[in-house]
Amino acid sequence: MVLYNAPTNKMHVDEIVDAHVLVVGSGGAGVRAAIEASRYGDVVMVSKTIAGKGGCTTMAEGGYNAVLRDRDSVDVHREDTLKGGAYLNDPALADALVREAPERMADLVRWGAVFDVTEDRQVAQRPFGGQRFPRTCYAGDRTGHEMIMTLLDRLDATDTHLYQEVSVVDFIKDENGAVAGAIALDRDGDVVFFRSDATVLATGGGTQVYDISTNSAAGTGDGFAMAYRAGAELIDMEMVQFHPTGAVYPYDARGRLVTEAVRGEGGLLLNARRERFMKRYDPERMELSTRDVVARAIATEVLEGRGTSRGGVYLDVTHLPAETIEARLPVMLEQFLAYGVDIRREPMEVAPTAHHIMGGLRITPECRTTIPGLFACGEVAGGVHGANRLGGNALADTQVFGKRAGEFAGKAPARSGRIDPARIDEVTRMLDGFFEGAISPVDVRKDLKLTMWNQAGIFRNAPDLRTALGHVRRLADKRLCAASTANLLECCTVRNMCTTASLIVRCALLRPENRGAHVRLDADVATDPATSPFSHTYVSLTREGIERREVAA
Amino acid sequence: MKTITLRVSRFDPAVDAEPHFEEYTVRVNEGARVLHALHAVRDEHDPTLAYRYCCGSGQCGSCAVRVDGKPVLACMEEARDGMTVEPLALPVLKDLMVDLEPVIAKIARICPAPDAALPAREEIEAIKPLRDCIECLCCVSACPALQVTDFAGPTVLRQEMRLALDPRDSGDRITDAIEKGLFYCTTCKRCTEVCPKDIEIPGKAIEKLREIANRRGLTLPRHQEVARLVQETGRSVERTQPTFLEEVPEVIEPDGPVRGEVGFFVGCMFNGRVPQTALDAMEVMKRNGIRVIVPHDQVCCGSPLIRTGQTSFLDDLKKKNIEAFARRGIKTVMTICAGCGATLKNDYETPFTVKDVTEILTEYGIEPPAKLDIRATYHDPCHLLRGQGISEQPRTLLREAVREFVEMPTQCCGAGGGVRSGVPEEAKALGAKRDECVKATGADVVVTVCPFCEFHIADCTDVPVKNLTTILLEGYRKKDAEREGSS
């Protein structure tokens, strides 16, 4: 490690930007929120990356669930979503999701999205796991990319001011305790203060806290951490979806998403003995069972010695016509070819990978969080998907709740509370502290990711979780060191990762049962999802616990 | 784990006047990508190294850099020992980070009509091949036209065609496309070659936009003249001297035993403008035992029309040409013109096989010529290299024929895509760049196998430019002279 002379100048605010609505995050939910909010006033959107290149929407492959056919119904979609979510979903949020997903799909089509269509000119749909009707709309296996390109086209037609490669590091609250804006760092490490009447948090997920993850480099959980520090309450943070099928090799590409569309199109899961092992775990739905079930099945096969030498199982599409693979799964074909595997001729090797955080900020159906002035939508919000998200429901979530957050933030009144400059100084002092730090954020990041994977992964128990929590707290206390102002952001990011990881572990300790994606090998209470007495776990600066609910016997 | 060394371009506008290279040795995992090598540099050597990345799986287009000169996605390209990593050829912000925003801002946004409805399946299917773009700007970095014109860039034109195909869009995409430089593209296909998504921008966007422009009467006047000439004479070149077809019989028998037989598709340039080169080629075929059948009823292949979007009577040309060769039972048709070859291979459906002269000669094997006492370099014709995937065969033949062969960097000479006639100042500027490369090699002769390149480069450099078959013939003549001298 080369040592650098840390700059000695104190950090200060270089620029102040005012907006009616500040949108933080430029994925599917953030852009949809900005589009909607722009109908009500000035909107500023702050994007950590170049818009369209960050976040998970761009990477989302499989599809968007929406009820579009007479033979399907929103009631069935709702039931599938609740059942898939192990009945932990907030029913009002799930209801909004399934009711409005078709309208939001219509918006996308009207704005120019190039979804696959059928012979009779309807948006094409394919089957996805845990659903009784093939209701997953798609654009090949680049569905999210199609959506984000369309949304950015639409955003361009509004007056939204876009700040790209500017990263929010903390919220600022006014004298009334309302979120009054945010402090951000630009590419060079200069400080920008965004002031707003209402703020929409749409920073997406954070499974980069795990060693093996499908998330982009931007999926570091910043939104969970910033909102937590600002006093917001989060729910169900233990609910981390491990996608069953992530790439296994080469080492640096492990965890890369292998879309559920592969199974939707007929892909078979086989263990090293070439057995279609899903028959032992879910003989009815087989490969198209819910993600929690398939991920645990694969992990179990590997743990019990029936995995491949690289620690995965086979996902095989070689029985499908080459043209089907080329037309429906072009991204998969291209990615595997880059690593020397032709999926038309040989099976893929896959294993579970941390994919999506179902938990997040507690929101109302109007996307209001527990602190005034702050709205949340997309993956950073909790409650929509319960204990396990159905494939195809996340893209729908971004649009339904992005639109809602934008609308209600847009309708928020002008904020009048005074902002104490000391609040801003706190943030700049925190940034200054990184110039006097001692430890490389890179080392902390690596340690954190391994800790989370090994001790807070698919299979959990209280002793491991306690060990993990202790270690994560120790990491969070390390004095991180920035080599230059441009490196301040990496310190902020690693700080956020530590906070997000601790929220996951704390909630995992709070839930004593097995539910959806959360598996406690030491659970001493056997509960059935539909009748479990437990509801959301919750965590904030001031309280934590697990809610009980009355369930008819 | 393995150890690799890489050179990385570093530039900090606050302290550096210009970029410089730093060399780093890092440990990476087997199968590591360029991105992982950059992470290792940052983590082990210098945390201030600036570069972009995000999805890590070839989907977001953040991490494009040039590796050994070629634009690639750092997250997909395997890291190599000894590689050089540079930013894309765009304004550099810091180290490997370039300013993408001005180009992205030129990519048109859809303007949906208020009553926009879902397109039909065939409309969607037509758009999809142009929709995969992740705006990594590899194509913009690599495009030769951008070096000498204010061409907006391949992907910018791709988007115009994507929108032109969408019934929901209400914009005037042809006017936009022309403003953005529709006629600047030489159809060299360098953009397709570097595109991580293999989008065929020249064929699927540029030429199609030019077709729509043509239907609106917006084709460049010089291109219209060419089309009129083809329509009236069957040829894109005016007759100013006896043509090749007038000079040769229908069948040219070899000197010795017949080792093979090909039909010869002459093309307008060899027929009308540089017939001597084609006559030289016939001598080489005779010498190597290959019978050449030359149907005299062949016409222009249509390439100058396709490249410029003037396709209204293209099918007549195709029909005439296919019949001319099929009627004579010809199984293999040889081209010496890279443009004709690429057109017959890619734009025709032929009942016969089409092969470039260099493929024919290397497959049959040639009598070794005497080596000419020259230092020669080779210019890859775009329509041979990328249009037909041929790069090794001409080099193999050339190495046999000259004392010394030196490589020069591959780049379009500026003659193709109707640019030489339509935008002569661009063609000249690209030609001048070729001249610089030629001079840098110190070669006595530039060798190529495309009459357009040959003709154009000869206009742009004072170094002699020769067709490969002429070089071979000179080698045979030298061999004969040496034999005579010794006997």
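Mentor: Two strands pair if DSSP finds at least two bridges between them, and the helices (H or I, at least four residues) and strands (E, at least two) are DSSP runs numbered from the N terminus. This is a predicted model, in which local features need pLDDT of at least 70 and side-chain atom pairs count only at pLDDT 80 or more, whereas totals for chains, interfaces and linings use all residues. Residues are numbered from 1 along each chain as its sequence is written, while chains are lettered from A and ligands numbered from 1 in the order in which they are written.

Trainee: In strand 11 of chain B, which residue is the bridge partner of Phe265(B)?

Mentor: Strand 9 (residues 260-265) of chain B runs parallel to strand 11 (residues 332-335) of chain B, and three bridges join them. Within strand 11 of chain B, the residue that partners Phe265(B) is Thr335(B).

Trainee: And which residue in strand 12 of chain B does Thr335(B) stand opposite?

Mentor: Strand 11 of chain B is also joined to strand 12 (residues 353-356) of chain B, by four bridges and again with the strands running parallel. Across that pairing, the residue in strand 12 of chain B opposite Thr335(B) is Asp356(B).

Trainee: Which strands of chain B stand at the edges, each with a single partner strand?

Mentor: The open sheet in question is formed by five strands of chain B in the order 2-1-5-3-4, with mixed pairing. The edge strands each have a single partner, so one side of each is left without a neighbour in the sheet, and they are strand 2 (20-28) and strand 4 (70-73) of chain B.

Trainee: Which helix of chain B gives the most to the side of chain B that touches chain A?

Mentor: Counting a contact where the C-beta atoms of two residues, placed from the backbone, lie within 7 Å, 41 residues of chain B are in contact with 43 residues of chain A. Helix 1 (34-44) and helix 3 (121-127) of chain B each supply at least two residues of the side of chain B that touches chain A. The one that gives the most, with three residues, is helix 3 of chain B.

Trainee: Is Leu130(B) buried or exposed?

Mentor: Leu130(B) has its place in the loop between helix 3 and helix 4 (138-142) of chain B. A residue is buried if 20 or more other C-beta atoms lie within 10 Å of its own, exposed if 12 or fewer, and partly exposed in between, with C-beta atoms placed from the backbone. Because Leu130(B) has 26 C-beta neighbours inside 10 Å, it counts as buried.

Trainee: How many Å apart in space are Leu130(B) and Arg158(B), C-alpha to C-alpha?

Mentor: Leaving aside neighbours within four places in sequence, Leu130(B) is in contact with several residues, among them Arg158(B), Met161(B) and Ile199(B). Leu130(B) and Arg158(B) are 28 residues apart in sequence, and their C-alpha separation in space is 6.4 Å.

Trainee: Is Arg274(A) buried or exposed?

Mentor: Arg274(A) is placed in the loop between strand 12 (268-270) and helix 7 (278-281) of chain A, and its phi is likewise positive in a residue other than glycine, near 65°. Since 11 other C-beta atoms lie within 10 Å of Arg274(A), this residue is exposed.

Trainee: Which residue, just after helix 2 of chain A, takes a positive phi?

Mentor: Helix 2 (residues 74-84) of chain A has buried residues that include His77(A), Leu82(A) and Gly84(A). What covers the buried residues of this helix includes strand 3 (64-65), helix 3 (91-110) and helix 11 (393-410) of chain A. Just after helix 2 of chain A, the residue with a positive phi, about 55°, is Ala86(A).
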